[in-house]
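Notebook open, structure loaded. I want to jot down what I looked up, starting with charged side chains.

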Amino acid sequence: METLTIEIKSAKARKLIDDLIDLGIISLKPDQPSWINLWNKLDRQLPQTEPAITEDEILNEIKAYRLEKQTNSPA
């Protein structure tokens with residue numbers, strides 16, 4: 001089996017392709033979207049909000065947690 005991409009430039013060509021499909025000689029498969037197209041579609045569906053906490057705040061919390069754990073751990 002061979003897969004080809006065909007650009008149809010005429011309604012007559014489309015009719016011929018439809019006839020070949022009806023005869024069972026060929027089959028038509030829809031285009032598979034690329035990964036980036038799928039990602040963009042999913043990204044548009046996600047809520048577009050700003051994070052409630054900044055990266056600096058996250059890093060400060062990590063440092064505070066580590067410092068607390070370090071001072072409270074038995075030596």
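I started with Asp-18 and Arg-14, whose side chains form a salt bridge at 3.1 Å, N to O. My rule for a salt bridge is a side-chain nitrogen of Lys or Arg within 4 Å of a carboxyl oxygen of Asp or Glu. Both residues sit in helix H1, four residues apart, about one turn of the helix.

This is a predicted model, where local features need pLDDT of at least 70, side-chain atom pairs count only at pLDDT 80 or more, and totals for chains, interfaces and linings use all residues. Residues are numbered from 1 along each chain as its sequence is written, and side-chain values use heavy atoms, with hydrogens and water left out.

Next I checked Asp-19, which makes a salt bridge with Lys-15, the closest N and O atoms being 2.8 Å apart. That brings the count to two salt bridges by this rule.

How accessible are Asp-18 and Asp-19? I found Asp-18 partly exposed at 28% relative accessibility, and Asp-19 partly exposed at 29%. (Buried is under 20% relative accessible area, exposed over 50%, partly exposed in between, with a 1.4 Å probe and protein chains only.)

Then I looked at the ends of H1, residues 11-22. (Helices are DSSP runs of H or I, at least four residues, numbered from the N terminus.) Ser-10 caps the N-terminal end, with a side-chain oxygen 3.1 Å from the backbone nitrogen of Lys-12. After H1 comes Gly-24, with a positive phi near 80°.

Last, I looked up Trp-35 in helix H2; at 62% relative accessibility, Trp-35 counts as exposed.

How values were computed
Helix = DSSP H or I, 4+ residues; strand = E, 2+ residues; numbered from the N terminus. Expected span 1.5 Å × (residues − 1). Polar contact = N/O pair within 3.5 Å; in protein donor to acceptor, adjacent residues only side chain to side chain.
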